[in-house]
Amino acid sequence: MATKSANLYARIEPDVKEQAESILSALGIPASNAINMFYKQIILNRGLPFEVKIPTAKPINMEEMTEAELNAELEKGYADMVAGRTKPARQAFADIRKDYNI
């Protein structure tokens, strides 16, 4: 195992740092180990170890919608169904998992 002697200094948003370190702490992984793992994955993948892209559409948060907005979205879905613009649920969920890496 190589000696850890190089330093890395990075400026990140305090909230992002706090949330990430909280998760890492719950996993029992020091932040320095997580950063080392990330760098090793960059080397193994010869690039970022995840897809970097702009989502085609932002998911709709139903909790923030008014009743009229919700009804309008439901009407759009019904119109798509009537027009035959549908896909099997299995395919829809597979697409969601792929698009959002879940």
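A salt bridge, as I use the term, is a side-chain nitrogen of Lys or Arg within 4 Å of a carboxyl oxygen of Asp or Glu. This is a predicted model, so local features need pLDDT of at least 70 and side-chain atom pairs count only at pLDDT 80 or more, while totals for chains, interfaces and linings use all residues. Residues are numbered from 1 along each chain as its sequence is written, and side-chain values use heavy atoms, with hydrogens and water left out.

How many salt bridges does a search of the whole structure find? The search gives 5. I will go through some of them.

Start with Lys 76 and Glu 73, whose side chains form a salt bridge at 2.9 Å, N to O. Both residues sit in helix α3, residues 67-83, and they are 3 residues apart, about one turn of the helix. Helices here are DSSP runs of H or I with at least four residues, numbered from the N terminus. For accessibility, buried means under 20% relative accessible area, exposed means over 50%, and partly exposed is in between, with a 1.4 Å probe and protein chains only. Lys 76 is partly exposed because its relative accessibility is 48%. Glu 73, at 29%, is also partly exposed.

Next, Arg 85 pairs with Asp 80 in a salt bridge, with 2.7 Å between the closest N and O atoms. Is Arg 85 buried or exposed? Arg 85 has a relative accessible area of 54%, so it is exposed. Asp 80 comes out at 30% and therefore counts as partly exposed.

Then there is the salt bridge of Asp 95 with Lys 87, where the closest N and O atoms are 2.5 Å apart. Asp 95 has 22% relative accessibility, so it counts as partly exposed. Lys 87 is partly exposed too, at 48%.

Phe 38 belongs to helix α2, residues 31-45. With a relative accessible area of 32%, Phe 38 is partly exposed. Which residues does Phe 38 touch, leaving aside neighbours within four places in sequence? Its contacts, meaning heavy atoms within 4.5 Å, are Leu 48, Pro 49 and Phe 50. Ala 10 is 28 residues from Phe 38 in sequence, and their C-alpha atoms are 14 Å apart.

Last, helix α1. It covers residues 14-27, 14 residues in all, and reaches 20 Å from first C-alpha to last, close to the 20 Å expected at 1.5 Å a residue. That expected span is 1.5 Å times one less than the number of residues. After α1 comes Gly 28, with a positive phi near 75°.

Note on methods:
Helices (H or I, at least four residues) and strands (E, at least two) are DSSP runs, numbered from the N terminus.
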